[in-house]
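Work through the exercises below with the model open. Try each task before reading its solution.

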2 protein chains.
Amino acid sequence: MGDQIGQAVDGKLVYIPFAEFEKVRKAPWSREQRVAVFADMCRLNALYMIARAGSGHIGSSFSSMEIFSWMMLEELELGTIPTEGNDLFFSSKGHDAPGYYAVLMGMGRLEFDLVHKLRKIDGLPGHPDVHTPNIITNTGSLGMGISKAKGMIHANRLAERDARVVVLTGDGELQEGQFWESLVSATNHKLHELIVVIDHNKLQSDTFVKNVSDLGDLDAKLAAFGWRVERCDGNDVAVLAQTLADMKDDPYPKVIIADTVKGKGVSFMEHTSLDSDVDMYRFHSGAPDANSYQKAVGEITDRISAAIADLGGDDIAYDFIVREPAPALPETAQKLIPAYTEALLQQAGKHPNLVALDADLILDTGLIPFRETFPERFIECGIAEQDMVSMAGGLALGGALPIAHSFSCFLTSRPNEQIYNNATEKTKVIYVGSLAGVVPGGPGHSHQAVRDIASLSGIPDMVMVEPCCAAEVAPLLDWCVNEAKGSSYIRLTSIPCDIPFALPEDYEAVQGQGTVLVDGDTVAIVTHGPILTGNAVRAAEQLTEAGISTKVINMPWLNTVDGSWLAQALAGCTALLTLDNHYMDGGLSDAVGRALECDPVVGLKVSRLGVSDVPPSGTNSEVLDAVGLSVEHIAARATALAEVR
Amino acid sequence: MGDQIGQAVDGKLVYIPFAEFEKVRKAPWSREQRVAVFADMCRLNALYMIARAGSGHIGSSFSSMEIFSWMMLEELELGTIPTEGNDLFFSSKGHDAPGYYAVLMGMGRLEFDLVHKLRKIDGLPGHPDVHTPNIITNTGSLGMGISKAKGMIHANRLAERDARVVVLTGDGELQEGQFWESLVSATNHKLHELIVVIDHNKLQSDTFVKNVSDLGDLDAKLAAFGWRVERCDGNDVAVLAQTLADMKDDPYPKVIIADTVKGKGVSFMEHTSLDSDVDMYRFHSGAPDANSYQKAVGEITDRISAAIADLGGDDIAYDFIVREPAPALPETAQKLIPAYTEALLQQAGKHPNLVALDADLILDTGLIPFRETFPERFIECGIAEQDMVSMAGGLALGGALPIAHSFSCFLTSRPNEQIYNNATEKTKVIYVGSLAGVVPGGPGHSHQAVRDIASLSGIPDMVMVEPCCAAEVAPLLDWCVNEAKGSSYIRLTSIPCDIPFALPEDYEAVQGQGTVLVDGDTVAIVTHGPILTGNAVRAAEQLTEAGISTKVINMPWLNTVDGSWLAQALAGCTALLTLDNHYMDGGLSDAVGRALECDPVVGLKVSRLGVSDVPPSGTNSEVLDAVGLSVEHIAARATALAEVR
């Protein structure tokens with residue numbers, strides 16, 4: 001009947017309800033048989049969750065599904081929090097969260113209704129967070145897992161609790177230095193409680209690990225660090241179970257290199273269906289299109305049906321819901337990343353010493369055309385931000401103009417000391433962070449870059465800029481390349497934005513000076529980036545209608561505000577509202593405060609809106625509303641400010 | 001005559017003048033013989049520089065002296081800047097700078113008079129900086145060297161320059177994850193130009209590497225990463241030369257594990273004179289006492305004389321200067337680190353879940369008594385700050401109260417993302433950074449923590465505090481342990497301070513509220529920490545004498561200032577001067593600005609003094625003067641503020 005399910009999902013999404021998982025968990029089969037069927041059922045639900053959310057990581061959820069299922073159902077005596085003294089299990093890579101959630105729900109360890117709420121604000125975050133039951137640590141930032149597990153084991157030993165701690169890692173993740181840093185003391189302290197399983201699915205974000213930054217002889221490396229190393233087929237439950245049993249009494253920390261297939265369980269998603277030199281794997285992140293979804297469902301349900309029939313069980317009863325269309329953006333929505341790509345190509349054409357460095361996000365950072373056009377000037381660094389940034393420093397010393405790319409959340413904090421070290425050399429390095437700000441809200445706080453400006457503060461000559469629309473990208477990059485005395489940081493929103501304003505025809509990037517997009521004379525709103533500038537302009541329309549004359553100023557200079565220009569622009573206004581797509585400490589509002597300290601505007605009431613606590617995961621509008629940066633919040637605060645006398 | 005020199009230095013310091021180095025470099029001996037004598041001569045001058053400066057790293061300068069000397073004199077075709085196309089050489093560990101400087105001066109590549117100016121403001125910085133001739137990259141922050149070298153090689157290849165790049169690393173340095181992170185792409189890109197020499201002197205900052213965080217089978221580890229590995233006696237010039245020759249044409253990146261002796265060349269400084277379980281090696285950093293100096297000079301000069309006599313040369317002519325007494329601090333000088341040690345022991349006595357983590361700075365962070373008293377609650381993490389901080393996160397999840405220690409410069413930036421990740425879990429971790437602020441000025445900018453507050457900004461619930469005197473340490477630690485809702489950062493000045501004020505008898509730590517130390521009603525100075533609060537009080541005395549009534553407020557709450565308390569404390573003053581022992585962006589001044597935004601003081605003129613550019617290396621008073629934070633600077637700015645109408 002599987003294939004029929006596949007046919008049936010035209011326009012619908014399908015999932016397996018909880019009762020069916022209970023049946024399978026109690027079926028009179030061997031442990032390995034039960035887990036294999038259970039894992040495949042979880043695949044369908046993970047796929048459902050991702051399709052419904054419109055985003056999520058299929059490939060890695062699928063490759064690790066047998067590992068999750070065996071560990072959770074059979075291998076471990078599981079605890080829900082680290083202080084209970086039971087075994088502990090978590091994923092260090094974290095983007096396999098949909099798969100993990102599916103397993104937890106199938107076991108009844110997580111409220112089943114959450115299957116409908118991946119990446120929704122009252123649901124399940126895009127990456128694991130301890131506020132979800134049974135999630136014991138926050139991941140999504142790579143390479144921290146073994147260190148955290150070691151801390152849990154030390155806490156267990158101190159409290160005289162004896163329990164295993166199992167960490168699932170990715171293989172791309174092994175490019176992070178912290179992974180290797182964390183191996184050493186585990187050996188020295190003989191942390192036999194620690195088991196690391198590497199989901200060695202051979203692919204990282206963009207493509208094959210070996211094409212990004214080849215790991216070499218992984219077995220030899222790990223063994224050289226003094227760990228007990230085993231290797232097995234990580235998608236074969238029986239083999240995995242035997243491997244774990246074999247190493248159980250070993251007195252050293254243990255690592256299993258689990259050879260898995262990325263996208264396991266759907267023929268055209270499996271990495272083994274690709275040529276080994278393929279540029280891009282399509283199912284790392286993002287939802288499948290309708291056709292792929294339908295075909296994938298057909299394959300998975302076929303296999304489940306066949307397995308259960310073989311075992312003499314009753315076929316699964318599926319539930320269906322109508323697939324809701326993704327919220328449409330207007331055709332005029334602007335995309336800053338393609339604008340950056342184009343601007344970068346232009347600068348690279350003019351500057352033969354311009355080199356682009358990437359940390360395994362070539363698609364997201366818009367670098368594919370650069371690599372095609374200037375392959376000799378493109379350096380793929382892998383998931384190794386510290387190495388990338390110090391390499392950029394060396395390139396700059398060697399006369400190149402390096403531009404280092406990653407997501408803002410990683411680029412500004414993982415290599416924080418390396419960026420400062422480069423700056424002390426007074427060379428010129430450009431850092432370009434995408435995925436900046438509180439939205440997209442889906443991935444959760446590990447990916448929401450809302451402290452990037454703060455964490456790069458206090459670096460001499462470092463100028464931080466953020467374009468508010470596609471048209472502002474090229475002039476700001478041009479300034480960074482051709483005008484800046486030292487290094488700079490370009491902060492880019494990654495999601496398409498509906499922009500309700502336009503820069504003036506004669507726009508020029510002048511350091512410290514912004515653009516008055518809406519004129520008014522009571523409340524002034526100073527902000528940055530397309531999301532908040534757009535919301536400010538929308539709020540200003542409402543305010544003006546309500547009789548509150550509102551000025552909106554976009555300030556692309558995040559840490560070098562020209563106080564005398566701003567004081568002049570604010571002249572006559574009685575109130576200033578600054579907006580941070582960032583924590584309120586350390587962002588643009590602080591820079592505005594510094595600028596006005598030197599050039600005070602007499603009698604100006606000042607207030608700010610921005611992020612004040614760890615932002616939630618959710619849809620973009622849910623998250624903007626939750627952190628108090630929606631149009632309504634802005635209008636309300638501006639109204640309150642206008643009313644203060 | 002060597003021993004006679006040793007006798008002669010009673011009360012004096014001795015060095016070898018440049019002409020003697022020229023003679024040896026031109027002597028009719030074999031290359032290896034010349035270099036061996038040259039290296040020993042450099043030992044004497046490095047010792048002179050450190051003794052004269054009153055600080056510096058003897059052990060590592062001595063262990064690497066033959067490596068530096070052979071590389072610079074014989075092996076490489078040296079360039080002075082990376083864009084010349086010549087061979088490049090630098091030390092990644094950087095604290096061997098006195099040795100490196102001695103070699104450069106002995107070769108005539110650095111003005112010889114600088115031999116008298118180690119750690120002076122117009123002289124040679126404590127760690128290498130590119131503004132010194134022949135220094136090609138800034139180091140002192142560990143683990144970045146190979147990454148930087150790879151960047152230089154990529155720049156060379158792009159510009160079609162063919163040159164070797166040699167990086168000297170420490171062995172403790174190998175505990176940093178970036179070292180392992182940086183190995184991978186060197187193999188993948190077949191960077192045959194790259195030669196890494198590990199100065200494997202077996203000791204790191206505090207004691208034996210194997211006791212801190214054992215490296216295990218280093219040869220196997222490096223070979224597993226795909227590098228060509230050789231091992232040799234790094235203090236034997238001939239063996240080193242042969243090893244380099246053997247691997248010259250290898251098409252892969254190369255690493256030499258150079259077995260060396262820490263403190264090589266002075267019997268009682270050589271690590272081989274210690275028991276292998278000794279707790280502390282005494283000659284990692286700091287100047288030798290007069291007796292040790294005299295004995296060391298005797299040994300070195302004896303050996304030089306004997307070697308030259310053997311070779312048939314003329315003995316060396318030495319130069320002497322009178323040893324200046326170290327500037328004395330009054331007996332009443334306060335030390336915050338011992339105060340912290342005592343406070344920590346008290347808290348640990350009350351809280352059986354309190355765990356202290358250290359990153360190879362157990363002496364500097366004051367943790368030795370803690371380790372002795374609570375050995376089961378002390379975790380030595382090695383030079384692995386990312387691992388330490390994520391371990392602290394795991395400990396907190398497991399119910400412990402972890403306190404992570406390092407120098408502020410490293411603790412707040414190397415594991416920046418890890419600290420944020422911990423904070424998103426809403427656990428409680430206390431971070432204690434010592435060596436905070438712009439002084440001591442000797443070590444240079446890699447160690448001057450003047451952006452720590454900024455780089456930890458925008459972390460929810462993270463409260464940052466800094467005691468202004470020994471008496472304020474315990475109440476602030478008590479607050480962090482017993483009152484704080486979330487995590488905290490304690491910022492500690494490490495140098496002894498002459499404190500011209502006292503806290504009130506009834507002092508209590510109340511979040512957001514400071515202490516009025518000097519009352520006045522025209523200019524208010526708000527500041528933090530013992531150095532600047534001391535200078536502010538001294539400036540206030542001058543100002544009051546000059547008729548400018550000055551108030552001084554110490555504000556130990558670096559990022560949570562209570563605006564209404566402050567506004568009240570400032571009432572009546574016409575001007576506010578804030579002082580940052582930190583860059584002016586992102587420090588206390590910004591926090592004061594945020595607080596007063598909500599609670600404005602009408603008509604208050606505001607100004608700030610703080611660090612605005614990369615601070616120089618120099619004596620403490622030189623550096624405070626250079627960055628504009630001396631008593632005179634403070635008094636002058638306050639005077640100017642008082643005069644504005």
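Predicted model: local features only at pLDDT ≥ 70, side-chain atom pairs only at ≥ 80, totals over all residues.

**Exercise 1. Charge pairs across the interface**

How many salt bridges are there between chain A and chain B?

Solution. Next, apply the cut-off: a side-chain nitrogen of Lys or Arg must lie within 4 Å of a carboxyl oxygen of Asp or Glu. Counted between chain A and chain B, that gives 14 salt bridges. Check one of them: A:Arg594 pairs with B:Asp585, at 3.2 Å from N to O. Over all chains, the structure holds 66 salt bridges.

**Exercise 2. Extent of the contact**

Find how many residues each chain gives to the contact, and what area is buried between chain A and chain B.

Solution. Take the residues first. Chain A supplies 94 residues and chain B supplies 94 residues. Now take the area. About 7500 Å² is buried between the two chains, and carbon and sulfur atoms give 53% of it.

**Exercise 3. Symmetry**

Which rotation superposes chain A on chain B, and with what shift along its axis?

Solution. Two copies of a chain are related by a rotation about an axis and a shift along it. Here the rotation is 180° and the shift is 0.0 Å, with an RMSD of 0.0 Å. This is therefore the relation of a two-fold axis. Now compare the contact residues: 100% of those of chain A recur in chain B, so the same surface serves both copies.

**Exercise 4. A helix pair**

Describe how H13(A) and H19(A) pack, and sort the residues of their contact by type.

Solution. Locate the helices: H13 spans residues 336-350 of chain A, and H19 spans residues 470-482 of chain A. Their axes are 9 Å apart, at an angle of about 35°. The crossing is right-handed. Then list the contact. From H13(A) come residues including A:Leu336, A:Ala339, A:Tyr340 and A:Leu344. They meet a set in H19(A) that includes A:Val473, A:Leu477 and A:Val481. Sorted by type, the contact has 10 nonpolar, 2 polar and 2 charged residues.

**Exercise 5. A salt bridge within chain A**

Which residue forms a salt bridge with A:Arg157, and how far apart are the closest N and O atoms?

Solution. The partner is A:Glu193, with the closest N and O atoms 2.8 Å apart. A:Arg157 sits in helix H7 (residues 145-158), while A:Glu193 sits in the loop between helix H8 (177-188) and strand S4 (194-200). The pair links distant parts of the chain, 36 residues apart.

**Exercise 6. Backbone details**

Inspect the peptide bond from A:Val439 to A:Pro440, then the phi of A:Glu160.

Solution. The A:Val439 to A:Pro440 bond is cis, with omega near 10°. A:Pro440 lies in the loop between strand S11 (430-434) and helix H18 (452-455). In chain B, the bond from B:Val439 to B:Pro440 is cis, with omega near 10°. Turn to A:Glu160: its phi is positive, about 55°, although A:Glu160 is not a glycine. A:Glu160 is in the loop between H7 and strand S3 (165-170) of chain A.

Definitions and conventions
Residues numbered from 1 in each chain as written. Chains lettered and ligands numbered in written order. Heavy atoms only, no water. Least-squares fit on C-alpha atoms with pLDDT ≥ 70 in both. Contact = heavy atoms within 4.5 Å. Axes fitted to C-alpha atoms, helices over the stretch in contact; angles between N-to-C directions. Helix = DSSP H or I, 4+ residues; strand = E, 2+ residues; numbered from the N terminus. Left-handed = near helix turned anticlockwise from the far one by under 90°. Nonpolar A, V, L, I, M, F, W, Y, C, P; charged D, E, K, R; others polar. Buried area = accessible area lost by both parts, 1.4 Å probe.
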